[in-house]
Amino acid sequence: MSNSKEAVRRVLDQVKADNRTSLTAPEGKLVCDAYGIPVPKEGVAKSAGEAGKMASSMGFPVVMKIVSPDILHKTEAGGVIVGVKTAQDAEKAYETILSNAKKYKADAKIEGIQVQQMLAGGTEVIVGSITDGSFGKLVAFGLGGVLVEVLKDITFRLAPATEEDALSMLDGIQAREILKGVRGGEPVNRTALADVIVKVSRLVTDFPEIVELDLNPVFATPKDATAADVRIVVDFAYKPKPKPRPTEEIVAAMNRIMQPKAVAVIGASAEDGKIGNSVMKNLINGGYKGEIIPIHPKAAEILGYKAYKSVKDVPGVVDVAVFAIPAKFVAGALTECGEKKIPGAVLIPSGFAEAGAPELQAEIVEVGKKYDIRLMGPNIYGFYYTPANLCATFCTAYDVKGHAALSSQSGGIGMAIIGFSRSAKMGVSAIVGLGNKSDIDEDDLLAFFEQDPNTNLIAQHCEDLKDGRAFAEAAKRVSKMKPVVVLKAGRTSAGAKAASSHTGALAGNDRIYEDVFKQSGVIRARSLRQLLEFARGVPVLPTPKGENVLIITGAGGSGVLLSDSCVDNGLSLMSMPPDLDAAFRKFIPPFGAAGNPVDITGGEPPITYVNTVKLGLSDDRIHALILGYWHTIVTPPMVFARNMVEVKKEMEAKGFVKPMVASLAGDVEVEEAAEYLYQHGIPAYAYSTELPVEVLGAKYKWARGAGLL
């Protein structure tokens with residue numbers, strides 16, 4: 001590979017020496033050749049015989065053109081002949097072009113005649129690369145031609161991309177069917193196309209100064225894929241983001257912040273209504289067993305705890321300091337934390353970058369760097385870590401323990417998480433505010449929760465990712481073991497800046513997030529409610545062993561809506577084998593419908609639900625069940641719920657463990673029934689056919705991403 005790198009380096013050095021920002025077409029060809037990216041074969045012939053040989057080795061048809069610095073308008077001079085089909089024709093064309101050129105300009109300096117492979121049809125696609133502020137190098141793929149601008153049908157992956165990534169890109173556009181050959185068109189060579197994508201991704205990774213690249217169009221045929229046109233834009237000042245800290249180092253600091261033995265409260269107060277008072281009360285009343293150390297310039301004690309003028313006066317070790325003082329005093333107090341060797345600071349105060357004071361924020365970041373203090377915030381509600389009974393926040397106390405860890409960039413969203421968790425009896429291991437993310441961000445939390453035995457799912461609300469690449473790398477690793485759910489706010493902003501390449505112009509910011517999340521195994525939530533429902537439901541469901549989903553419903557109408565939801569959520573409705581169909585028919589009335597959905601109809605007694613669900617759980621060809629319940633006098637809601645929980649337990653005892661979700665249509669009593677089902681491991685929703693299927697779909701997305709299916 002080193003030779004190819006040297007070849008590209010020589011080209012780029014020349015571009016830099018000339019002070020240019022883009023490469024010429026011949027330079028682009030040299031770069032492509034170096035990395036084995038196929039471009040049309042070409043050469044310059046100095047004789048008719050040579051033209052014939054050259055054309056034969058390239059494969060016909062070829063196009064031939066005069067090469068002369070004195071002839072700018074080649075066609076006008078009769079200096080271009082297209083569609084040359086044999087060696088004889090090539091020799092003839094050579095002579096013809098030469099005599100035409102001499103007639104046109106007798107004293108023209110002629111360097112020879114260019115012979116170039118003519119690309120024969122195929123499907124026009126675009127392969128490109130852009131450099132994103134957050135994610136760095138991305139490789140892009142879409143359909144070429146005029147429609148690409150209109151439909152913006154393009155997909156992205158982080159570079160370097162694997163062959164698997166590249167092949168998934170071919171299926172990641174809406175027009176994917178065209179690549180398979182439609183209406184007599186021939187299918188493209190997928191391996192050849194994926195190979196071009198992989199090589200482009202390597203090129204831009206090896207040479208970060210290549211900030212934009214377009215191969216447009218690439219002609220994809222059943223045989224090969226060849227780039228007809230190459231455009232490369234460079235920026236020699238471009239610096240990739242520095243590598244994130246080593247994971248061990250992040251975890252060591254995060255462990256002391258999240259599970260401290262001693263907490264200092266800077267700005268602690270005895271006065272009700274003050275933030276420093278709320279933080280103290282939450283720490284005390286929340287049942288935190290470590291040391292609580294109020295810091296106050298004058299008071300000798302606060303709420304019964306000995307107070308100190310500065311953290312530097314505290315005799316023992318302090319693991320974390322919670323700040324409840326105005327923004328302008330933070331840097332000074334933070335410096336004292338540095339001198340005391342405190343590894344973490346939780347910065348509640350606002351009045352920094354979010355309030356038009358970036359210089360105050362830059363100052364605390366510098367102090368953090370100087371003393372190696374990790375900063376959470378500023379402009380946050382603080383954080384909760386329930387295994388340690390730690391409420392380091394000025395919001396409501398919280399004590400419902402569980403195994404979901406949630407974070408948010410916004411305080412309001414943090415409070416919504418608390419309320420939902422309490423109301424749904426979901427329980428959490430942690431709720432963390434990230435605010436302005438002056439330092440600690442989502443990937444730091446991923447590293448901590450990855451090794452936290454108290455956490456089995458991580459759900460994050462974010463408005464932006466400071467270092468998208470670091471996040472993606474962490475998420476890819478963590479999501480193999482624990483589901484990672486992300487709600488990305490700000491989906492609809494106009495996003496991408498005007499760019500100088502096609503690929504750049506097509507890069508809607510949200511599309512990049514969508515694709516990188518998918519590449520990293522992240523489950524994307526579309527709404528706040530979905531984030532919360534996924535956080536609650538995904539850990540409750542067992543991991544499915546296959547893709548076959550079956551719907552059993554008491555209401556035909558629910559069955560249709562549940563089927564729609566399956567399609568929307570990428571679930572595969574099993575086609576019913578005849579023997580299984582016959583087995584289900586034994587339990588349902590003659591006017592019911594077998595097939596999938598199995599419609600048992602509304603007038604059925606509880607035993608029909610029991611029998612059909614038992615059959616669904618016991619047959620190994622079925623991997624997940626969706627239940628649609630209809631409230632009738634014959635089968636009341638709580639009777640249905642208790643029966644389903646019984647069946648689930650009985651079948652589990654026999655080794656049949658499958659994910660099951662339920663949609664309950666009925667009067668208000670279905671609310672209690674749904675709650676009962678949920679508490680017993682069947683995520684169930686009253687009045688919704690979408691939510692239960694979305695939760696099951698999220699579990700499937702995670703299982704696929706983690707390679708468990």
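**Pockets, cavity and local geometry**

The largest share of the lining of the second largest pocket, three residues, is contributed by α12. The structure described here is a predicted model. Two or more lining residues are given by each of α12 (358–371), β17 (374–376) and α14 (442–450). Divided by class, the lining of the second largest pocket holds twelve charged, seven nonpolar and two polar residues.

The largest pocket has a volume of about 960 Å³. It is lined by 34 residues, and those lying nearest its centre are Phe517, Lys518, Gln519, Val522 and Lys701. The elements that provide two or more residues to this lining are α6 (163–170), α17 (509–519), β24 (523–525), α18 (528–537), α19 (556–568) and α24 (690–705). Of these elements, α24 supplies the largest share, seven residues. The lining of the largest pocket is made up of 15 charged, twelve polar and seven nonpolar residues.

Helix α18, which contributes to the lining of the largest pocket, also packs with helix α23 (residues 669–679). The angle between α18 and α23 is about 50 degrees, and their axes lie 12 Å apart; the two helices are therefore oblique to each other. On the α18 side the contact is made by Glu533, Arg536 and Gly537, and on the α23 side by Glu675, Tyr678 and Gln679. By class, three charged, two polar and one nonpolar residue take part in the contact of α18 with α23.

Aromatic pairs were also examined. A pair of aromatic rings is described by the distance of the centres and the angle of the planes. The count comes to eleven aromatic pairs in the model. One of the pairs is formed by Phe135 and Tyr513, with 5.1 Å from centre to centre and 75 degrees between the planes, an edge-to-face arrangement. This pair links distant parts of the chain, the two residues being 378 residues apart: Phe135 is in the loop between β5 (123–132) and β6 (136–143), whereas Tyr513 belongs to helix α17. Helix α17 is also among the elements that give two or more residues to the lining of the largest pocket.

One cavity of 30 Å³ or more was identified. The space within the largest cavity amounts to about 50 Å³. Its lining consists of Gly286, Tyr384, Tyr385, Thr386, Asn389, Leu390, Cys391, Tyr398, Asp399 and Lys401. Strands β18 (382–385) and β19 (390–393) each supply at least two residues of this lining. Sorted by class, the residues lining the largest cavity are five nonpolar, three polar and two charged.

Backbone geometry was considered last. Most residues other than glycine have a negative phi, and most peptide bonds are trans. The peptide bond from Phe60 to Pro61 is cis, its omega being near -5 degrees; Pro61 is placed in the loop between α3 (48–58) and β2 (62–67). The bond from Asn596 to Pro597 is likewise cis, with omega near 5 degrees, and Pro597 is found in the loop between α20 (578–585) and β27 (598–599). Thr601 has a positive phi, near 70 degrees, although it is a residue other than glycine. The loop between β27 and α21 (606–618) holds Thr601.

Conventions: Residues numbered from 1 in each chain as written. Predicted model: local features only at pLDDT ≥ 70, side-chain atom pairs only at ≥ 80, totals over all residues. Heavy atoms only, no water. 1 Å grid on protein atoms, 1.4 Å probe; cavity = no way out; pocket = protein on both sides within 12 Å on 5 of 7 lines; lining within 4 Å. Points joined across faces, edges and corners; volume = space filled by probe spheres on them. Helix = DSSP H or I, 4+ residues; strand = E, 2+ residues; numbered from the N terminus. Nonpolar A, V, L, I, M, F, W, Y, C, P; charged D, E, K, R; others polar. Axes fitted to C-alpha atoms, helices over the stretch in contact; angles between N-to-C directions. Parallel < 35°, antiparallel > 145°, perpendicular 65-115°, else oblique. Contact = heavy atoms within 4.5 Å. Phe/Tyr/Trp six-rings, centres within 6.5 Å; stacked < 30°, edge-to-face > 60°.
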